[in-house]
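Here is a short briefing for a first look at this structure. Look over the sequence and the model, then read on.

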Amino acid sequence: MTRAALLQLLAVALGGALGTLLRHSANLLLPRLPAPWPTLSTLTVNLAGCFCAGLLLVWLGQRQDADFWRAVLLTGVLGGLTTFSAFGVDLLAMLRAARYEWLALTVLLHVGLGLAAIALGWKLGQGLWPARA
């Protein structure tokens, strides 16, 4: 493995550590209702992650070193922050409790609002970093 590849791995690991710290902070700061209710921290970090991904996609599209920063920020930080597995755990709790209406609402919120958040981040990113002619 090359020195550059090792540095990128280390950078991704550090980014992931930062993302997991942010994720755990959201768990501590946001109220958690008892199962099978939707988890506010999971929804919040997933939406924030989608929004940031939209912003980053525009910013990365204009950088010569995009591969490095994509690995660090999208794979590392946002990979550590967002919580698809926690989302699955929340859904299973709702399914086991036969709370089908909450399960459907939770899927709709995460997927629908996640798509809206990434589109909003993308649009804002285009305003912040307009394409060069």
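Leaving aside neighbours within four places in sequence, Thr42 is in contact with Arg23, Thr83, Ala86, Phe87, Asp90 and His110; contact means heavy atoms within 4.5 Å. The model is predicted: local features need pLDDT of at least 70, side-chain atom pairs count only at pLDDT 80 or more, and totals for chains, interfaces and linings use all residues. Residues are numbered from 1 along each chain as its sequence is written, and side-chain values use heavy atoms, with hydrogens and water left out.

**Overall layout**

- The protein chain has 5 helices and 0 strands. Helices (H or I, at least four residues) and strands (E, at least two) are DSSP runs, numbered from the N terminus.
- Along the sequence, the pattern reads α-α-α-α-α.
- The C-alpha atoms fill a box of roughly 50 × 35 × 25 Å, taken along the principal axes.
- Of the 133 residues, 31% count as buried. Buried means under 20% relative accessible area, exposed over 50%, and partly exposed in between (1.4 Å probe, protein chains only).
- Among contacts with a separation of 6 or more, 72% join residues 24 or more positions apart.

- Thr42 is found in helix 2. Thr42 counts as buried because its relative accessibility is 1%.
- Thr42 and Leu81 lie 39 residues apart in sequence and 9.5 Å apart in space, C-alpha to C-alpha.
- His110 belongs to helix 5 (residues 100-128). With 10% relative accessibility, His110 also counts as buried.
- Not counting residues up to four places away in sequence, His110 touches Thr42, Leu43, Asn46, Leu47 and Phe87.
- The side chains of His110 and Asn46 make a polar contact (3.3 Å). A polar contact is a pair of N or O atoms within 3.5 Å; within protein, one must be able to donate a hydrogen and the other to accept it, and residues adjacent in sequence count only if both atoms are side-chain atoms.

**Helix packing**

- The axes of helix 2 and helix 5 come within 7 Å and cross at roughly 30°. Helix 2 is therefore roughly parallel to helix 5. Axes are lines fitted to C-alpha atoms, for helices over the stretch in contact, and angles run from 0 to 180 degrees between N-to-C directions.
- Angles under 35 degrees count as roughly parallel, over 145 as roughly antiparallel, 65 to 115 as roughly perpendicular and the rest as oblique.
- Helix 2 and helix 5 cross in a right-handed way. A crossing is left-handed if the near helix is turned anticlockwise from the far one by less than a right angle, and right-handed if clockwise.
- Helix 4 (residues 84-96) packs with helix 5 at an angle of about 160°, their axes 8 Å apart. The two helices are therefore roughly antiparallel.
- On the helix 4 side, Phe87, Leu91, Met94 and Leu95 make this contact; on the helix 5 side, the residues include Tyr100, Trp102 and His110.
- The crossing of helix 4 and helix 5 is left-handed.

**The nonpolar core**

- The largest nonpolar core has 9 residues: Ala26, Val45, Ala53, Leu56, Leu60, Ala66, Leu74, Leu78 and Leu81.
- A nonpolar core is a set of buried Ala, Val, Leu, Ile, Met, Phe, Trp, Tyr and Cys residues joined through side-chain atoms within 4.5 Å.
- The buried residues of helix 3 pack against helix 1 (3-29) and helix 2.
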